[in-house]
Amino acid sequence: MAYMSNRSFDSNHTLLEDYSGTKAREVKLESFSIPFNSILFERADQRKESLEAPAFFTDLNLDQVIDAITARKKEYHLNPFFYTPLSDAETIYYRHEVMRDLEQTTLMAHIKAFAEKMILVRRYLALVEKLDSNYHKKGWYLEAALVYCEAILELEHHLNLADIKSRGFLAFRDYLTNYIQSYRFQSLLAESREVKASLSSVKYCVIIQNGRFKVRRYEEETNYSVEVEKIFEKFKQGAAKDYRLQLKQGSGINHIEAQILEFVARLYPEQFAALDKFYEQQSGFVDETILVFDREIQFYIAYLEFIADFKSRGLSFCYPRVSRSKQKLYSYEAFDIALARTLLYSQNPVVCNDFFLEEPERIIVVSGPNQGGKTTFARMFGQLNYLANLGCPVPGKEAQLYLFDQIFTHFEREEDIHNLHGKLQDDLVRIRNIIKQATPDSILILNEIFASTTLEDAVFLSKEIMARIMELDLICVWVTFIDELSSLSEKTISMVSTVIPENPAIRTFKIVRQPADGLAYALSIAKKHRLTYEQIKERIRS
Amino acid sequence: MKVHLMYPDRDFEPNQNLPSNEAALIQDLELNTLFEAMAQGDKYLFDVVRQVVLSSLDSPEIIRYRQEILQDCLKHPDVVRQIYQIPIQSVENKQRHWMGIFTRYPSGILSGARQMLEMFIDLLKVLKQIANENAEQFESRGFRRFFAMIQQELDDDYFAVVTHHLKELKFQRGVLLSAELGKGNEGTNYILCRTNRQNRNWLERIVGRKSPVYTYTLHPRDDRGAQVLGDLKDRGVNLVANAVAQSADHIDSFFNALRLELAFYIGCLNLYEQLAQLEEPIAFPFPAPAEERRLSFTRLYDVALALTMKQKVVGNDVNADNKDLVFITGANQGGKSTFLRSIGLAQMMMQCGMFVPALSFHANIGKRIFTHYKREEDAQMESGKFDEELGRMSDIIDDITPDSIVLFNESFAATNEREGSEIAQQIVRALLEMRIKVFYVTHLYALANGFYERQMENALFLRAERKANGERTFRLIEGKPLQTSFGKDVYTKIFGISQ
């Protein structure tokens, strides 16, 4: 696919702001004339797909999240897209634009309808490969062409009506319009419809007796089923069980049906001659660019479908700003998306948390009571930055996140009995390797390291490691039981998990940027059940 | 054809949701004892009466509709039991001859359904016969409509037409299908047809026609081909099999409805016969609308107790018209719980259209009926128990509406008296203001006396009677709450220590 453009990369930003009016769009189309490349990457040279999940996926529970996102879309092989964080803000914003367009429910519905049809096209073409019977084979080929044409025409129609703003969709729409006007598509459309119409007019009779059957033309015989229904009508008792056998779609064709079809073809020779001609002339009709779009657009659909369940539970998602600057990073009302997924169908609420880092702060030290959501917070931090780098909306009301080069995680692992070095040494080796590879642009997430050593050792080692991290000046979240790490320098801030003192069994999962203040709720037991005089009156009234 | 013996204008829905407090009602009011007496060991009857009793009506009109039908049943028990046998016979026939629609193939469905229809037609003839002979003697709106419908819908001509078609549907001459080309040129829209000319056999007609007819004869060992041909035939008879099977289902469900709706009355007949043996009275109650406050009765007894003891039990007379609140206090084992249960049971029985265990009974309908009883000790700590009680109360508040009834039995006593009384007082006060009728058995003196001292017009205070010598009559008399519940009496009786 040839792609040539003189448009400089820097001009993109001004373009973004010009989207408000159609006039601006026309100007843009004329002056730049951007050929459509991909709905995921604006330029062909940005294109990449990793086949392997990043190393930190399991620690951040992103493996569960991505598997859930792509689970119902296996045939598109979407995981590589989700394994490939983007290195530039421009592509991230390119995706935001497409994603925002797709958030219009009508456009989303039309794209999904298109995808459904493309699935059918592929299914029918696969059937054609398998079938032996001549006219069945050609019949399904015709069917595939009909669905394909319909899919293309409907998509273009709806794209023209839609309020599209993204560079990706605008370029694709132009591509589609040109394609539809091509001779190749127009002839496919006209011929397939003509042949189908004439085959649909065929009506015949089959007479089945013991061990043989006959085929002839239909001669206005009357429907006996209707008659029988009338006789027994008076016993109708509301809805009845449906005993009709559900006919299988595209079922394997057998020699009897093939024989019947052959007789029918003899009864109606013209209609079948037209089908023969169509099959010869219209081979290989599916367009390559459209096929690629059909796969890539599923990246957005899969993600939006996934987050829709969360949104319906009142959880927010936002389009984060991303940058390489560490001056200010924050997120409001974010949550651990993997944990939220498991809570989705339970009564338990999803707890949201905030954080912010302002110059010169780099390191969030999370401490406080166990079971209070510290690990969850650390995961959340990693997930947010990762998802932001995919070009996806992230959990939360508003966020500014970091355009990292790499993420490193170190989470407590099960002790490996085959490892003779012992856990402490193991931990230290892993951390040394991380620090070796990390750059000032990396994100580091440490969770309860040195938990298996003495407190004295842990304090010493932690301070040593902390000094190195501060030296690297990278962004870090460190979950630890060692409070003093949080006040080592102006680069560190302290966040703590909280519990209700009266009932420590109730987990708040709230992580706050301050020491625990022991906030208590002295609720009377009746109040808890909403059974005071006023509460009851209020409840019965409503 | 509709049975309509439970409602004047609709079917009884056997699977409708029971009230959320179903389990509590059954446990607290000993409803299983009632159900067992009505069912007499018949599981089907048990399930039906359970469903009917728990699905309280809130319309006096429908209650009277059922009362009329039940009165007809009490007058003609033999005819009613005879009609009840017809759907039972249908069930037995199906079981004995393995009838039914078991297969997933249309020709199998067709032949199964045809057989069932033949059997049903015979039973409908029996029903018609009973209607002809007995319709005149029945007076209730429900039965008069039912018999009239049978006589009108099932005339002799109709029986003849049905019999003719049941024979046609054997397709002894082969099957003629029309079809079209569907997706991928697969045959579709297979429709079973009748030939246009009646006088000639359509097979003969084909031989003499001009347009081409192509014939294919299967190889005798072509089992797969025969199978496919069978499938094709199945597609053709798909719709007709559906029609016949649905008809069979409809008649089957007519019989099921007949069985279902009569089962409730059969249960009532069973109960009536047992109470008659105990020489206990029954009365058809007068239901007043839910907005009114009516409750007056004579010789109201606890039917569950009578059935369990198999003897006559003590009854009570009370007039609580215009009362929203009835407190029952007094001696332990003085009949308080029995009395509360007798009210709950009578209320439930009235609200499903049954007679009640009393000489007379007037009461307003409760939109919903709730019980809140102290539960037996369990492994939980005391604080946990109080928590549990309040949890159940909160569930009631979730569901309750004005003009409902709540029966409290020793509720909120799982904490100290002062706290328990305070919480109970708040709850009762709020309920009364939301127009909810409250019956409260308690030994929380602070609670009962608190309300007594307010001298409310709409409150009634009853006390379990205890004679001077400590003897209990198990009767309830009007009286102010007393400071002690005489627990010592019970202790003395059990341990046999003289005072």
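1. In this predicted model, A:Tyr148 and A:Phe285 are both buried. Their ring centres lie 5.3 Å apart with the planes at 50°, so the pair is classed as tilted. This pair links distant parts of the chain, since A:Tyr148 belongs to helix α7 (residues 134–161) of chain A while A:Phe285 sits in the loop between α12 (269–281) and α13 (288–312), 137 residues apart.

2. A further tilted pair is formed by A:Phe355 and A:Phe381, with ring centres 4.9 Å apart and planes at 50°. A:Phe355 is in strand β7 of chain A and A:Phe381 in helix α15 (residues 374–390), so the contact ties together parts that are 26 residues apart in sequence; both residues are buried.

3. Over all chains the structure holds 49 aromatic pairs. In chain B, one aromatic cluster includes B:Phe327, B:Phe408, B:Tyr440 and B:Phe461.

4. Two arginines deserve a look for their placement over rings: the charged end of B:Arg66 sits over the ring of B:Tyr7, 4.9 Å from its centre, and B:Arg429 lies over the face of A:Tyr533, at 4.0 Å from the ring centre.

5. On the backbone, a cis peptide bond with omega of about 5° joins A:Glu359 and A:Pro360, and A:Pro360 lies in the loop between β7 (353–358) and β8 (363–367) of chain A.

6. A:Asp473, although not a glycine, has a positive phi of about 65°; this residue lies in the loop between α17 (455–472) and β13 (475–479) of chain A and is partly exposed, with a relative accessible area of 22%. B:Gln40, also not a glycine, has a positive phi of about 50° and is partly exposed at 48% relative accessible area.

Methods: Residues are numbered from 1 along each chain as its sequence is written. Chains are lettered from A and ligands numbered from 1 in the order in which they are written. This is a predicted model: local features need pLDDT of at least 70, side-chain atom pairs count only at pLDDT 80 or more; totals for chains, interfaces and linings use all residues. Side-chain values use heavy atoms; hydrogens and water are left out. Helices (H or I, at least four residues) and strands (E, at least two) are DSSP runs, numbered from the N terminus. Buried means under 20% relative accessible area, exposed over 50%, partly exposed in between (1.4 Å probe, protein chains only). Rings of Phe, Tyr and Trp (its six-membered ring) pair if their centres lie within 6.5 Å; planes under 30 degrees apart count as stacked, over 60 as edge-to-face and the rest as tilted. A charge sits over a ring if NZ of Lys or CZ of Arg is within 6 Å of the ring centre and within 35 degrees of the ring normal.
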